[in-house]
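Please look through the sequence and the model before reading on.

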Amino acid sequence: EKSLQKTSTPSINSTGVFVSPYALNLSSFTKLIKRLQERHPEFSRDEIVNAVQEVRKINKGVLSGLAISSIEEKASAIL
């Protein structure tokens, strides 16, 4: 008996690039990290990513719903 449930389907975006249904919004994440690196050049990328993860932890495990500028401010305060 086959009992596979279809949870979501992958898609191909307008540029023909495969998009996994499980992919994070990496462009927003990359933009956030880049902005934080420009703002805090004295910190390594790993330290910046850790600060963003700390913001997520403080925000009940999620970043969705927060503006990028808000995440940036909170991560900067942690750094």
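Of the contacts in the chain with a separation of 6 or more, what percentage is accounted for by residues 24 or more positions apart? Such residues account for 36% of these contacts, where contact means heavy atoms within 4.5 Å.

The model is predicted, so local features need pLDDT of at least 70 and side-chain atom pairs count only at pLDDT 80 or more, while totals for chains, interfaces and linings use all residues. Residues are numbered from 1 along each chain as its sequence is written, and side-chain values use heavy atoms, with hydrogens and water left out.

**The chain as a whole**

The secondary structure consists of three helices and two strands. Helices (H or I, at least four residues) and strands (E, at least two) are DSSP runs, numbered from the N terminus. Read from the N terminus, the order of elements is β-β-α-α-α. The chain has 79 residues, of which 16% count as buried. Buried means under 20% relative accessible area, exposed means over 50%, and partly exposed lies in between (1.4 Å probe, protein chains only). About 6300 Å² of the chain is accessible surface, and 53% of this belongs to carbon and sulfur atoms. These areas come from the Shrake-Rupley method with a 1.4 Å probe; for residues, only the protein chains shown count as cover.

In soluble globular proteins, nonpolar side chains tend to be buried together. Here the largest nonpolar core has ten residues: L32, I33, L36, I48, V49, A51, V52, V55, I71 and A75. Helices α1 (26-39), α2 and α3 each supply at least two residues of this core, and α2 gives the most, with five residues. A nonpolar core is a set of buried Ala, Val, Leu, Ile, Met, Phe, Trp, Tyr and Cys residues joined through side-chain atoms within 4.5 Å.

One of the core residues is I48. Leaving aside neighbours within four places in sequence, I48 is in contact with I33, L36, Q37, H40, F43 and L79.

**Helix α2**

The 14 residues of α2 should span 20 Å at 1.5 Å a residue, and the end C-alpha atoms of the helix are 20 Å apart, which agrees. The expected span is 1.5 Å times one less than the number of residues in the helix.

The buried residues in α2 are I48, V49, A51, V52 and V55. They lie on the same side of α2 because they cover an arc of only 155° around the axis; the arc is that of the directions from the helix axis to the C-beta atoms. These buried residues pack against α1 and α3. On the face turned away from the buried side, α2 carries the exposed residues D46, K57 and I58. After α2 comes K60, whose phi is positive, near 60°.

E47 belongs to helix α2 (residues 45-58). A polar atom of its side chain lies 2.7 Å from the backbone nitrogen of S44. Not counting residues up to four places away in sequence, E47 touches E42 and L79. Q37 is ten residues from E47 in sequence, and their C-alpha atoms are 9.9 Å apart in space.

**Helix α3**

Helix α3 covers residues 68-78 and includes S76. Its buried residues are I71, E72, A75 and S76. Seen down the axis of α3, they fall within an arc of 135°, so they line one face of the helix. What covers them includes α1 and α2.

E72 makes a side-chain polar contact with the side chain of R35 (2.6 Å). A polar contact is a pair of N or O atoms within 3.5 Å; within protein, one must be able to donate a hydrogen and the other to accept it, and residues adjacent in sequence count only if both atoms are side-chain atoms. Beyond four places in sequence, E72 touches L32, R35, L36 and R39, and S76 touches L36, R39 and H40.

S69 is also found in helix α3.

| Residue | Relative accessibility | Class |
|---|---|---|
| E47 | 39% | partly exposed |
| S69 | 43% | partly exposed |
| E72 | 8% | buried |
| S76 | 12% | buried |
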